[in-house]
Amino acid sequence: MAYPGYGGGPGPGADPLYGYFSAVAGQDGQISADELQRCLTQSGISGSYKPFCLETCRLMISMLDRDMSGTMGFHEFKELSQVINGWKSTFMSYDRDHSGTVEGPEMQHAITAMGFHLSPQAMNIIMKRHSTNGRVAFDDFITCCIKLRALTDQFRRRDSSGSGQAMFQYDDFIQVTMSI
């Protein structure tokens with residue numbers, strides 16, 4: 001499977017994002033969750049929205065942590081930047097009143113636009129988990145997107161026939177859900 005930011009194209013030194021990454025990553029060439037939080041806050045990627053909480057940053061790393069190091073290398077960081085910008089565009093397009101939040105129907109449309117087709121029951125659970133007074137803030141929207149992407153990726157790996165069904169052993173299920 002090909003991942004954005006991997007293979008082909010210029011080396012990290014030719015990428016303008018690499019200079020920013022290396023300044024944050026330091027000597028070890030990796031970004032931890034607290035470094036990512038500072039980096040995203042300083043970069044202003046959250047715009048006028050509240051900065052990302054540390055737990056959201058941990059989830060971002062776990063979503064792309066292919067080497068299971070608990071940190072993020074440059075290619076993972078670059079992919080994260082692209083993914084966050086896409087989710088931010090989606091959020092902004094559904095935050096029509098520019099309140100910094102989306103309501104239930106807007107959330108449903110945003111999730112559907114990203115290719116997730118969920119039942120009303122699943123959407124109800126998402127709203128209960130990620131909203132305050134029926135409104136989902138940007139940070140919570142990103143957290144929800146991370147979880148949906150990671151769970152969907154894990155499910156697809158196990159649904160080899162594409163039937164919409166997968167078999168999980170209990171320990172495997174715990175590992176998947178607790179890693180997100």
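**Entry 1**

I started with Met68, which is exposed at 69% relative accessibility. This is a predicted model, so I kept in mind that local features need pLDDT of at least 70. I found Met68 in the loop between H3 and helix H4 (74-94). I then looked up its backbone: Met68 is not a glycine, yet its phi is positive, about 55°. I noted the background too: most residues other than glycine have a negative phi.

I went on to His98. It sits in the loop between H4 and strand S1 (101-103). I read 69% relative accessibility for His98, so I logged it as exposed, the cut-off being over 50%.

**Entry 2: aromatic rings**

How many aromatic pairs does the structure hold? I counted eight. I took Tyr18 and Phe21 as my example: the ring centres are 6.0 Å apart and the planes stand at 35°, so I call this pair tilted. Both residues belong to helix H1 (residues 16-25). They are three residues apart, about one turn of the helix.

Is Phe21 buried or exposed? I have it as buried, with a relative accessible area of 2%. Tyr18 comes out at 30% relative accessibility, which counts as partly exposed. I also traced the ring pairs onward: they link Tyr18 and Phe21 with Phe74 and Phe77 in a cluster.

**Entry 3: H3 against H7**

I checked helix H3 (residues 54-64) against helix H7 (residues 138-158). Their axes come within 10 Å and cross at roughly 25°. That angle is under 35 degrees, so I log H3 as roughly parallel to H7. The crossing is left-handed. On the H3 side I listed Thr56, Leu59, Met60, Met63 and Leu64. On the H7 side the contact uses Asp139, Ile142, Thr143, Ile146, Lys147 and Arg149. I sorted the contact by class: six nonpolar, two polar and three charged residues.

**Entry 4: H2 against H3**

What angle do the axes of H2 and H3 make where they cross? I read roughly 110°, with the axes of helix H2 (residues 33-43) and H3 coming within 8 Å. H2 is therefore roughly perpendicular to H3. From H2 I noted Ala33, Asp34, Leu36, Gln37 and Leu40 in the contact. From H3 I noted Leu54, Cys57, Arg58, Met60 and Ile61. The classes here are seven nonpolar, one polar and two charged residues.

Notes
Residues numbered from 1 in each chain as written. Predicted model: local features only at pLDDT ≥ 70, side-chain atom pairs only at ≥ 80, totals over all residues. Heavy atoms only, no water. Phe/Tyr/Trp six-rings, centres within 6.5 Å; stacked < 30°, edge-to-face > 60°. Helix = DSSP H or I, 4+ residues; strand = E, 2+ residues; numbered from the N terminus. Buried < 20%, exposed > 50% of the residue type's maximum accessible area, 1.4 Å probe, protein only. Axes fitted to C-alpha atoms, helices over the stretch in contact; angles between N-to-C directions. Parallel < 35°, antiparallel > 145°, perpendicular 65-115°, else oblique. Left-handed = near helix turned anticlockwise from the far one by under 90°. Contact = heavy atoms within 4.5 Å. Nonpolar A, V, L, I, M, F, W, Y, C, P; charged D, E, K, R; others polar.
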